[in-house]
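Student: I would like to learn how to read a fold from its model. Can you take me through one?

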Amino acid sequence: RSAMCKKAFVVGINAYKPRALRGCVVDAVAVRTLLAGALGFADNHVELMLDTSATRAAVERGLARLVAGAAPGDTLVLYFAGCGTTALAPDGTPEA
């Protein structure tokens, strides 16, 4: 292999119990679009995994695929959106 490779694994999870998050999947899709568009990653080198498909085993397999065959000079990106919290806004109303 003579050319450097750019690969990414993008995970977005909203589906938590007892309370789902709201912006993680949207963020993950936006990052995937950025990588495969403006940042020049080949579409087939950006893996997107969302919500219930992102089990521990599936994420571990995705990470293994990300690093498989990596060589010095390659660019590997892991993006995870799946944590958050809620707080009261300054006016006392709930805010995500």
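The dialogue below goes from the overall fold to the sheet, the helices and the loops.

Tutor: Note at the outset that this is a predicted model.

Student: Which elements make up the chain, and how do they run from the N terminus?

Tutor: The order is β-α-β-α-β-β-β. That comes to 2 helices and 5 strands.

Student: What share of the 96 residues is buried?

Tutor: 27% of them count as buried. The accessible surface of the chain is about 6,300 Å². Carbon and sulfur atoms account for 61% of that surface.

Student: And the contacts between residues at least 6 apart in sequence: what percentage join residues at least 24 apart?

Tutor: The figure is 63%.

Student: On to the sheet. How do strands pair in general?

Tutor: Strands of a sheet pair through backbone hydrogen bonds, and the pairing is either parallel or antiparallel. Here, an open sheet of 3 strands has the order E2-E1-E3. Its pairing is parallel.

Student: Which are the edge strands?

Tutor: E2 and E3, each of which pairs on one side only. From one strand to the next, the twist averages 5°.

Student: How many bridges join E1 and E2?

Tutor: They pair over 5 bridges, in the parallel sense. As a landmark, find phenylalanine 9, which stands opposite glutamate 47 in E2.

Student: Where do the helices sit relative to the strands?

Tutor: H1 lies across E1, E2 and E3. It runs at about 170° to E2. H2 packs on the sheet and touches E1, E2 and E3. The direction of H2 makes about 165° with that of E1.

Student: How do I check the length of H2?

Tutor: Compare the expected span with the distance between the end C-alpha atoms. H2 covers residues 56-67, which is 12 residues. At 1.5 Å a residue, these should span 16 Å. The end C-alpha atoms are 17 Å apart, which agrees.

Student: Which residues of H2 are buried?

Tutor: First the general idea. An α-helix has 3.6 residues a turn, so residues three or four places apart point the same way. Now the case: Ala58, Gly62 and Leu66 are buried in H2. Seen down the helix axis, the buried residues fall within an arc of 80°, so they line one face of H2.

Student: What covers them?

Tutor: The cover includes E1, strand E2 (46-50) and strand E3 (75-81).

Student: Which residue other than glycine has a positive phi?

Tutor: Aspartate 51 is one, with phi near 45°. Aspartate 51 lies in the loop between E2 and H2. Its relative accessible area is 24%, so aspartate 51 is partly exposed.

Student: Where is there a cis peptide bond?

Tutor: Look from lysine 17 to proline 18, where omega is near 10°. Proline 18 lies in the loop between E1 and H1.

Student: Asparagine 14 lies in the loop between strand E1 (6-12) and helix H1 (24-36). Is asparagine 14 buried or exposed?

Tutor: The cut-off for buried is under 20% relative accessible area. Asparagine 14 is at 13%, so it counts as buried.

Student: What is asparagine 14 in contact with, leaving aside neighbours within four places in sequence?

Tutor: Its contacts are Ala20, Leu21, Arg22, Gly23, Cys24, Val25 and Asp51. Asp51 is the residue with the positive phi discussed above.

Technical notes. Residues are numbered from 1 along each chain as its sequence is written. This is a predicted model: local features need pLDDT of at least 70, side-chain atom pairs count only at pLDDT 80 or more; totals for chains, interfaces and linings use all residues. Side-chain values use heavy atoms; hydrogens and water are left out. Helices (H or I, at least four residues) and strands (E, at least two) are DSSP runs, numbered from the N terminus. Buried means under 20% relative accessible area, exposed over 50%, partly exposed in between (1.4 Å probe, protein chains only). Contact means heavy atoms within 4.5 Å. Accessible areas come from the Shrake-Rupley method with a 1.4 Å probe; for residues, only the protein chains shown count as cover. The expected span of a helix is 1.5 Å times one less than its number of residues. The arc is that of the directions from the helix axis to the C-beta atoms. Two strands pair if DSSP finds at least two bridges between them. Axes are lines fitted to C-alpha atoms, for helices over the stretch in contact, and angles run from 0 to 180 degrees between N-to-C directions.
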